[in-house]
Amino acid sequence: MDDNNTPHSPDESEDQKNSTRRNFLKNLGLAGVGVATGAAALYSGHIFEAKKEVSGDQKVLLTQDGKLVQVDSLEIKALEKTGEELLISQGREGIPGRRWVLVIDLSKCRNARKCISACQDAHQLRPEQYHVNVLQMKDAPGTAPYNMPKHCQHCDNPPCVSVCPVDATYKRPDGIVLIDNDRCIGCRFCMAACPYSARIFNWIEPKDAASHQGKDYNVELNVPQKLGTISKCLFSADRLREGKLPYCVEACPNGVYYFGDENEDAVTNGTTKETVRLSKLLRDNGGYQLMPELGTKPRVYYLPPKNRLFPFEEAGDATPEKA
Amino acid sequence: MTMDDNQFTFDKITSDLTHHIRINKGFLIWMGFLTVSLMVCLYAYSIQLRTGLGVAGIRDYVTWGMYLANFVFFVAASLIGMLISAVLGLIGMKWLTPITRIAETIAVAFAAVAGLVIVSDMGRPERLVYVFLYGRPQSPILWDVTVITTYLVLSLLLLFLPLIADMAIIHRKVDRLPSWLKPIYKVLSLNFTDNPQQNKIINRAIRTLLILLIPAALSIHTVTSWLFAVTSRAGWDSTVFGPYFVSGAFVAGSAAVIIAMFFFRKNYKLQNYLTDLHFNNMGKVLATVSLVYLYFNINEFLVPGYKLKRADAVHLHELFAGKDTLLFWVVQIGGLILPILFMLFHRFRKPLPIMLISVAVLIAAWFKRYIIVIPTQEHPFLPIQHVPQNFVHYSPTLIETMITIAPFILVLIIITLISKFFPVIPLHETAREKGIEHFKFD
Amino acid sequence: MRFINLFIILYVCSIGMTVSAQTWVVPDDQKTVVAPFLFTPEMQKQGEQIYLKNCQSCHGLMGKDNWAKLTPPPGDLSKELAQKQPDGELFYRITVGKAPMPEFRNILSEDERWWVIAYMRSYNPKYIQPNPATKASFAGRIVTLDMKYDDLGKKVVVTANEELKDGQSVHAAGVEVALFVKRFFGKLQVGELKTTNDKGLAIFEFPADLPGNKEGYVEVSAMVNDPKNIMKTTGAIATLAIGKPTDMPSLTEGRAWWATRGKAPVWIILTYTLSVIIVWGFIFYIVYSILKIRKVKKINL
């Protein structure tokens with residue numbers, strides 16, 4: 001994808017990503033102010049150079065002074081967006097044609113908690129702030145306990161998004177539910193509405209706030225984290241844009257996570273890198289969703305914790321100090 | 001009644017109902033005390049503004065704490081204006097006349113401050129304007145902001161309209177007023193001369209307002225209940241939350257009105273106007289709305305308690321015999337069942353006893369909101385694990401408590417100012433009802 | 001107590017896994033395998049991209065010693081422990097893997113695996129690349145795959161050709177072939193491994209329900225399965241219109257409670273707007289009529 005990478009630290013790569021994405025071609029929004037300005041300029045040029053190459057495909061654009069103009073599609077150039085503006089707009093549009101899906105194989109989870117630390121490092125989170133948490137579950141008195149990694153379920157009927165008063169949290173065409181921390185007013189209605197307790201709040205100054213100051217805010221990473229606003233699992237939207245698996249999926253040493261695109265009917269295991277068919281994986285292993293009766297339509301599937309070959313360890317050591 | 005109706009002359013009524021409009025030492029001390037207290041609490045809020053909501057005890061699981069319970073309480077208390085003026089007024093209960101302005105004052109004060117209470121719960125209060133810029137019509141918060149603003153404006157108008165005539169009377173007939181107040185009253189009186197055409201306009205406007213007020217008031221508290229009921233959490237996921245909240249609001253509001261009546265009667269010497277009859281009747285109103293509230297309480301607990309779905313079972317256990325038991329039963333018995341029993345007897349509907357009962361009811365009403373808001377969040381569907389203890393159990397901090405008290409001080413300030421500079425009891429209407437048909441305006 | 005128990009278990013496990021790691025022996029004949037080409041800076045660049053995507057999550061960034069804390073420790077590949085191994089040994093380890101290290105045989109092509117080694121070696125100034133294996137010097141079979149789609153039979157037909165020492169090309173029998181379809185994060189194997197018949201053919205049924213793009217195009221690749229790494233192979237790759245045409249609508253189509261403001265259900269927008277207009281219309285009317293009170297002429301009765 002990008003070809004000018006040299007070895008660098010993850011922090012440096014953040015800045016690099018922005019510059020390598022300058023060439024990213026934007027879809028044209030008819031009402032976009034930038035496009036409108038460009039169109040107005042192009043229109044005046046169009047009058048003077050009427051006999052140019054024409055594709056026959058005419059587009060109607062709205063100029064800044066409110067006129068509708070018709071311009072040949074060959075003559076339209078998207079104005080380049082840069083920096084935060086680009087990060088926000090691409091973060092709202094998502095990756096076209098995809099429907100991301102996560103599969104969690106509970107039979108393999110031994111509570112190594114590598115997913116948690118990889119995630120917390122990537123998203124500037126304190127130890128008690130979880131985008132993904134591994135819970136110790138026991139469904140009924142007679143059933144065996146098991147470890148259950150719990151992410152945001154990126155529901156197709158997301159109750160958190162329904163209640164947001166300002167469009168700060170939104171669902172993207174590719175299924176990811178994101179949060180714009182520059183828009184969030186901190187009412188925490190979404191936290192109350194989420195039945196999976198997936199959302200967290202920056203009650204105090206975020207971790208390492210000083211060292212993140214002045215960085216471009218990336219809505220697909222929720223970094224820099226912002227005081228008084230919400231954060232949660234983002235399916236590592238920034239990594240997907242580079243064709244990489246999410247942080248947690250890559251970090252798992254036990255092959256618990258599969259991540260992929262439902263439209264391709266394929267998911268890739270983060271540990272073995274093996275790609276399998278989603279439908280077959282779910283069919284053969286009795287895949288299920290968390291609390292489907294709530295009608296939230298999660299994009300996360302679980303494979304039941306059967307045939308575990310290791311003992312269940314109670315995790316009493318993973319509780320951070322008061323915050 | 002202590003006096004026959006024909007003993008009321010226009011001058012006596014005017015003097016009785018306006019003699020408290022003066023700046024005396026008691027008023028200054030009381031206002032000074034309120035102002036200083038408010039400053040202390042605002043200092044606490046400035047700390048929260050600087051360092052974030054983390055100064056409060058709320059964390060990722062109990063994410064709505066006392067601030068939100070407080071908000072619900074304030075919205076609830078403001079509903080009384082609609083019950084007294086609109087519902088009871090429209091069906092023609094004449095004895096209400098001296099109480100209407102008290103009810104409207106309480107409504108205005110609580111509704112105005114409710115808007116501020118919710119700002120204190122925001123992580124980013126400086127982005128409040130986003131609600132208007134980017135408001136989503138699907139979000140109950142937008143509805144709530146809309147209906148509370150509407151209700152506040154309606155209540156202000158309803159407070160103001162009957163005041164026009166009173167202002168006209170005062171600025172003409174009361175001579176001993178401070179000179180700087182007179183021009184204000186003159187402006188507010190809008191050249192009112194008790195002209196039939198003017199009365200017609202005012203009466204029509206009041207009638208329209210009363211009709212608009214009923215849906216607006218029902219909306220504010222129904223929508224507030226939906227902040228909870230639209231989620232799927234145990235204890236909130238309920239279809240009767242709207243009427244449950246509305247009936248609870250009438251209980252809190254009626255109690256607030258009775259307390260206010262008691263102190264106005266005593267401090268402003270209104271014994272001839274706020275009589276035992278009014279306390280007796282308001283006691284009956286409070287008993288009635290309490291019974292309705294009890295009915296909804298039974299629905300709210302018996303129905304899920306019968307099925308004991310997993311999350312509901314945990315929730316109800318915590319309330320009935322678990323962590324929140326003490327608070328729950330004190331509120332339910334001390335704030336609802338015992339008051340109803342007492343109020344069945346006439347002797348407990350005398351001014352002092354009914355005031356004391358109302359104080360108990362009002363305090364219980366606040367803690368009832370606490371019980372509705374907080375315990376539900378302490379046991380979500382999935383277990384709370386690997387987080388610090390203060391994430392698991394909510395305990396309010398000192399700063400949070402001060403920020404919670406601030407709105408009460410503000411309400412007292414608003415009520416004090418309104419009642420100090422305007423007649424607590426509608427002058428013009430009272431005179432009319434006492435048979436004084438016409439005033440001599442020059 | 002529990003914590004100590006856990007610690008002991010982890011410690012014992014780590015010893016066990018370290019021991020097993022030490023026993024990861026590479027067959028001698030694999031150690032001598034060399035790359036088929038000379039490493040170029042371009043290859044190192046490609047190798048870096050592959051490294052960052054597939055290896056960095058465990059091995060960390062080169063020279064930074066920030067590998068993941070796993071057992072056995074993955075180690076920094078720029079350091080001596082890795083660099084002292086001959087190219088063939090590294091190639092073998094990447095190819096076959098050993099839990100928890102993945103097997104990259106089906107994830108990276110042979111060339112790609114060599115590129116990663118090229119990238120690794122760029123951190124070793126002392127490294128001198130052995131002479132590349134030329135076809136002439138290679139002792140094993142040299143197999144090239146060819147692929148086409150049989151429209152009638154709805155099958156993918158892979159042909160294996162073998163280059164003999166005298167330069168002649170013949171159909172290669174007995175070669176194990178795997179078929180893959182490219183997906184976003186990796187290659188999805190289609191069906192089972194097939195062994196080529198006497199005519200050098202391996203025929204794969206292509207599942208009819210495997211999604212392609214809008215027009216049904218999928219990128220299909222065939223690779224030789226050569227676990228012992230004794231052959232020199234070239235796979236085949238083609239983009240064929242044999243997938244199920246898939247054009248799923250975006251997940252944000254249509255109006256919903258959870259949609260953005262612009263896509264709110266029409267009835268909500270109408271109800272909200274109308275209610276506000278009606279109620280505030282009345283309010284403005286009332287305010288207007290109040291202002292009229294001032295202007296009513298005094299009538300003397």
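**Interfaces of chain A and the domains of chain C**

In the interface of chain A with chain C, 48 residues of chain A are in contact with 45 residues of chain C, contact meaning heavy atoms within 4.5 Å. The model is a predicted one, in which local features need pLDDT of at least 70 and side-chain atom pairs count only at pLDDT 80 or more, while totals for chains, interfaces and linings use all residues. Residues are numbered from 1 along each chain as its sequence is written, chains are lettered from A and ligands numbered from 1 in the order in which they are written, and side-chain values use heavy atoms, with hydrogens and water left out.

The size of an interface is often given as the accessible area lost when the parts come together. Here buried area is the accessible area (1.4 Å probe) that two parts lose on being put together, summed over both. Chain A and chain C bury about 3900 Å² between them, with 58% of it on carbon and sulfur atoms. On the side of chain A, Arg99(A), Lys273(A) and Arg277(A) lose the most area to chain C, together 15% of what that side buries. One salt bridge (a side-chain nitrogen of Lys or Arg within 4 Å of a carboxyl oxygen of Asp or Glu) is counted between chain A and chain C. Arg277(A) and Asp209(C) meet in a salt bridge at 3.2 Å, N to O. Strand S12 (275-277) is among the elements of chain A that give two or more residues to this side, and S12(A) gives the most, with three residues. Helices (H or I, at least four residues) and strands (E, at least two) are DSSP runs, numbered from the N terminus. By class, this side of chain A has twelve nonpolar, 15 polar and 21 charged residues; Ala, Val, Leu, Ile, Met, Phe, Trp, Tyr, Cys and Pro count as nonpolar, Asp, Glu, Lys and Arg as charged, and the others, Gly among them, as polar.

Between chain A and chain B, 51 residues of chain A are in contact with 41 residues of chain B. The two chains bury about 3800 Å² between them, 57% of it on carbon and sulfur atoms. Ile185(A), Phe189(A) and Trp203(A) supply 19% of the area that chain A buries against chain B, more than any other three residues. Two salt bridges are found across this interface; Asp167(A) forms a salt bridge with Arg136(B), with the closest N and O atoms 3.1 Å apart.

Within chain C, the domain assignment, which is automatic or from a database, gives domain 1 (17-121) and domain 2 (142-240). Their centres, taken over C-alpha atoms, are separated by 26 Å. The two domains of chain C bury about 980 Å² between them, 39% of it on carbon and sulfur atoms. In domain 1, Arg105(C), Asn106(C) and Glu110(C) lose the most area to domain 2, together 48% of what that side buries. Zero salt bridges are counted between the two domains. The elements giving two or more residues to the side of domain 1 that touches domain 2 are helix H6 (87-96) and helix H7 (110-121) of chain C.

In H6(C), ten of ten residues are buried, that is, under 20% relative accessible area (1.4 Å probe, protein chains only). The cover over these buried residues includes helix H2 (28-31), helix H5 (80-83) and H7 of chain C. Just after H6(C), Gly97(C) takes a positive phi of about 65°.

Key. Buried < 20%, exposed > 50% of the residue type's maximum accessible area, 1.4 Å probe, protein only.
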